[in-house]
Amino acid sequence: MSNQPFVLKINESFILEGYSEYTETKYEKMKSFFLTVDENRSDKELIYKVYKKDVLAEPGRLLQCITIIEPGTINGQFFMTRGHNHINTSCAEIYFGIKGDGCVLMQRDDEFVCESISKNKSVYIPGGWAHRTVNVSSSDPLVFYSIWPADSGYDYEYIVSNPFSYNVFESDSNKLYSLEKN
Ligand code: PA5
Ligand code: MN
């Protein structure tokens, strides 16, 4: 991959035009991350999709993507991403809200922070903080843009051995969501 300038565009369907990789994450892959199982839900139901632009995984280069999390819940627990830490824990990341309402869960050892994300809002995720995004609507998708160093790597195992200490559920008060401790 040559190190040349390039331009991408987020189109009206929130597709990152010029992307190099598209991934869909379905319920079957997410089952173990939700607190409960919904026996009536198809394993093939889409939870979220990602349009990512690849560059060489070299220090100094930047990756970017669009994530679209579908609206919905598993027994009241909002749809979310799997979540991960970066293998290179010095690598930070920025999420920028495009559409919808969500929250970003961030965790490092016994520290936990939940920041809301919505259109035009930027969330800074410092290096070394595991992160997961939750769509807090059961009617509208959450769309956000991410940018992060190309040599970050993904540590998905981290989430398995260090699960997030809070889960995000529908709220019965006038709050958008409710955080429930594991
Ligand atoms: O780099 C990021 O943190 C994001 O672009 C995520 O990869 C994306 O939102 C999908 O989440 P996950 O990688 O946890 O499946
Ligand atoms: Mn990340």
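What is the spacing in sequence of the donor residues of the manganese ion (ligand 2)? The donor residues are spaced H-x1-H-x6-E-x37-H. The legends below describe a predicted model, in which local features need pLDDT of at least 70, side-chain atom pairs count only at pLDDT 80 or more, and totals for chains, interfaces and linings use all residues. Residues are numbered from 1 along each chain as its sequence is written, chains are lettered from A and ligands numbered from 1 in the order in which they are written, and side-chain values use heavy atoms, with hydrogens and water left out.

**Figure 1. The manganese ion (ligand 2) and its protein donors.** His84 (NE2), His86 (NE2), Glu93 (OE) and His131 (NE2) are the protein donors, at 2.1 to 2.4 Å from the ion. Donors are N, O and S atoms within 2.8 Å of the metal (3.2 Å for Na, K and Ca); water is not among the atoms, so sites may look incomplete. Glu93 belongs to strand β8 (residues 93–99) and His131 to strand β12 (residues 130–135), so this pair ties together parts that are 38 residues apart in sequence. Strands (E, at least two residues) and helices (H or I, at least four) are DSSP runs, numbered from the N terminus. Glu93 and His131 are both buried. Buried means under 20% relative accessible area, exposed over 50%, and partly exposed in between (1.4 Å probe, protein chains only).

**Figure 2. Polar contacts of ligand 1.** An oxygen atom of ligand 1 lies 2.5 Å from a polar side-chain atom of Tyr48. For His131, a polar side-chain atom is 3.2 Å from an oxygen atom of ligand 1. In the side chain of Ser146, an N or O atom lies 3.3 Å from an oxygen atom of the ligand. The protein covers 95% of the 370 Å² of accessible area that ligand 1 has on its own. Such areas come from the Shrake-Rupley method with a 1.4 Å probe; for residues, only the protein chains shown count as cover. A polar contact is a pair of N or O atoms within 3.5 Å; within protein, one must be able to donate a hydrogen and the other to accept it, and residues adjacent in sequence count only if both atoms are side-chain atoms.

**Figure 3. The shell around ligand 1.** A residue is near a molecule or strand if one of its heavy atoms lies within 4 Å of it. The space taken by ligand 1 is the largest pocket. Two or more residues of the shell are given by each of β4 (46–53), β5 (62–69), β8 and β13 (142–149). Strand β13 provides the largest share, three residues. A pocket is defined on a 1 Å grid over the protein atoms alone, as an open set of points where a 1.4 Å probe fits, with protein on both sides within 12 Å along at least five of seven lines. A molecule sits in a pocket if more than half of its atoms lie within 2 Å of its grid points.

Figure 4. Gln107 is buried, with a relative accessible area of 8%. Its side chain reaches the backbone oxygen of Pro163 at 3.1 Å. The side chains of Gln107 and Ser165 are joined by a polar contact of 2.8 Å.

**Figure 5. Phe14 and Asn120, two residues with positive phi.** Most residues other than glycine have a negative phi. Phe14, although not a glycine, has a positive phi of about 70°. Phe14 is placed in the loop between β1 (9–10) and β2 (16–17) and, at 22% relative accessibility, counts as partly exposed. Asn120 is likewise not a glycine and has a positive phi of about 70°. Asn120 lies in the loop between β10 (111–118) and β11 (122–125), where its relative accessibility of 56% makes it count as exposed.

**Figure 6. Loop residues Asp43 and Ser138.** Asp43 is found in the loop between α1 (27–30) and β4, and is partly exposed with a relative accessible area of 31%. The C-alpha atoms of Asp43 and Phe14 are separated by 25 Å, the residues being 29 apart along the chain. Ser138 is placed in the loop between β12 and β13, and is partly exposed at 46% relative accessible area. Ser138 and Phe79, 59 residues apart along the chain, have C-alpha atoms separated by 8.4 Å.

Methods. On a 1 Å grid over the protein atoms alone, a cavity is a set of points where a 1.4 Å probe fits but cannot get out, and a pocket is an open set with protein on both sides within 12 Å along at least five of seven lines; lining residues have an atom within 4 Å of a point.
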